[in-house]
Amino acid sequence: MDSPAPTIQPPSGATSLNEHDLDEKRTIADDGDVVEKGEQQVAPVTVVDPPPDGGLRAWLLVIGSACAGFCTFGFANAFGVFQAYYTETIPGASQFKIAWIGSLQYALIFLPGLLAGHLADQGHYRSMSLTASAVLITSIFLVAECKTLWQLVLCQGFAIGGSSGFLFMPTLAIIPQWFDKHRPLAYGVFAVGSSFGGSIVPVVVRKLFPSVGFKWTIRTVGFIIAFALVLLNLTVKPRIFKRSGGKFPLGEFLRNKVLYSLGTTLMWFGIYVPLAFFDVYAQSIGVPAEKSYLVVVTANAASLIGRLSGGVLANPLGPLNVLMCTCVIAAILTVAWPHTTSFTTLEVVATLYGIVSGMFVSLLPSPSGAMVPRHQAGAVLGFVCTAMSIGALVGNPIAGQIVENSGFKAAGGYAGAMVFFSVGICLSY
């Protein structure tokens, strides 16, 4: 009869993972030794646990991680202003073609998620963060030199989007290492960064375009983002320092949560269509270009309310419950925005849409991250993000083609239907 397995003591100053994050086959090893439990070998994890769930260091990390949202989604959320500007300045560029730039940028924030999240679980966060920061800021300054559509596709679509993916997803995966009960609120504060970015960048761009021109406008945005990247890299550090080897933790997740993953993927076919076309639609109903961009600013500013309130409501009500209710309201507003006929009514819809879209963004990581142990959150969150990249890539170009052929109301109907359909799939899992 086999002798009982020895008790494994954690490293000095650390404790073992809590019961919420361990099953009967998972063991923590000291000094990098692989421990056998039954017939399964488990790779070593060096971790300080349980998470502090608050405190100055943890909240400074959240504020720093919000800079990742500012530099990635904040810049991407401002694409509605670029969509309107490129339509006016690039000869022969249709709404459909220009929409591909923003969609590539969005999709590539998500697409590397599976690889980036797994690398973050393996202890490579710092190298990814520094490298992605350098590529991102270089790409933004290169956008200032772009003169044709294909150059913008390469720099603003591929380069900015890809580097953002290796910055956003690993930072997202660090938060579960520092928070447990307050994790939804931490994600809400994290998501505030993209709200600030989506509010500040359009104002900077629209105000500076007439006075300093395209090149120095983009360079100014680049300097702002460079400052945020410095804060990010100074404050965000992982608590799980090493995880070498080990099984990729997606098998059980895919078997049990495949419908949820499919639903969140389809969500992106429609939920961000209004934000991409607010500016263009406002001009189509007679709002001057000097004023139309304020609809995008309003939506992004209002999302700040949603990002914080979503985290607050998720603790007592459950993040998935709040998320699904939010998506239903978002679907209604996604259908409603092209039925407005004045700047005032469009601003009202944009405000409401901004609140619910902000709640959507802040709540989206919590259900997925809670479905696996904390030290495997990066890979699973990364998988969900990679799946969502499909919807983020093709959703807005499809809507742009519908606008070209059938008008804004048809595009709103398509987007709202996709959000309603995805909610049904998520709830069926």
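**Stop 1: Arg219**

Select Arg219, then show what surrounds it. Leaving aside neighbours within four places in sequence, Arg219 is in contact with Phe141, Ala144 and Glu145. Contact means heavy atoms within 4.5 Å. Arg219 sits in helix α8, residues 183-235. Helices here are DSSP runs of H or I with at least four residues, strands are E runs of at least two, and both are numbered from the N terminus. Arg219 is buried, at a relative accessible area of 18%. Buried means under 20% relative accessible area, exposed means over 50%, and partly exposed lies in between, with a 1.4 Å probe and protein chains only.

**Before you go on**

This is a predicted model, in which local features need pLDDT of at least 70, side-chain atom pairs count only at pLDDT 80 or more, and totals for chains, interfaces and linings use all residues. Residues are numbered from 1 along each chain as its sequence is written, and side-chain values use heavy atoms, with hydrogens and water left out.

Colour by pLDDT, the predictor's confidence in each residue, from 0 to 100. The chain mean is 81, and 81% of the residues reach 70 or more. Which elements mark the lowest and the highest confidence? Strand β1 (residues 35-37) is lowest, at a mean of 42, and helix α6 (residues 125-143) is highest, at 95. Now select residues 1-43. pLDDT stays under 50 there, and the model has 61 contacts beyond four places in sequence for this stretch. Where pLDDT is low, the predicted coordinates should not be read in detail.

Zoom out to the whole chain. The chain has 17 helices and four strands. Of its 429 residues, 59% count as buried. Among contacts with a separation of 6 or more, 84% join residues 24 or more positions apart.

**Stop 2**

Axes are lines fitted to C-alpha atoms, for helices over the stretch in contact, and angles run from 0 to 180 degrees between N-to-C directions. Angles under 35 degrees count as roughly parallel, over 145 as roughly antiparallel, 65 to 115 as roughly perpendicular, and the rest as oblique.

The crossing of α3 and α8 is right-handed. A crossing is right-handed if the near helix is turned clockwise from the far one by less than a right angle, and left-handed if anticlockwise. Show side chains: Val81, Phe82, Ala84, Tyr85 and Tyr86 of α3 meet Pro202, Val205, Arg206, Phe209, Phe214 and Ile218 of α8. By class, the contact of α3 with α8 has ten nonpolar, no polar and one charged residue. Ala, Val, Leu, Ile, Met, Phe, Trp, Tyr, Cys and Pro count as nonpolar, Asp, Glu, Lys and Arg as charged, and the others, Gly among them, as polar.

**Stop 3: α4 against α7**

Select helix α4 (residues 95-110) and helix α7 (residues 149-178). Their axes come within 6 Å and cross at roughly 20°. α4 and α7 are therefore roughly parallel to each other. Their crossing is right-handed. Residues in the contact include Ile98, Ile101 and Leu108 of α4, and Gly157, Gly161 and Gly165 of α7. The contact of α4 with α7 divides into eleven nonpolar, seven polar and one charged residue.

**Stop 4: α12 against α13**

Next, select helix α12 (residues 294-317) and helix α13 (residues 319-336). They pack at about 125°, with axes 7 Å apart. That makes α12 oblique to α13. Leu313, Ala314 and Leu317 of α12 make the contact with Pro319, Asn321 and Val322 of α13.

**Stop 5: single residues**

- Select Val380 in helix α16, residues 377-406. Val380 is buried, at 0% relative accessible area. Val380 and Ala173 lie 207 residues apart in sequence and 9.2 Å apart in space, C-alpha to C-alpha.
- Select Arg239, in the loop between α8 and β4 (240-243). Arg239 counts as buried, at 7% relative accessibility. Its C-alpha is 6.0 Å from that of Gln177, 62 residues away along the chain.
- Select Ser422 in helix α17, residues 408-428. Is Ser422 buried or exposed? At 0% relative accessibility, Ser422 counts as buried. Beyond four places in sequence, Ser422 is in contact with Gly263, Leu266 and Met267.
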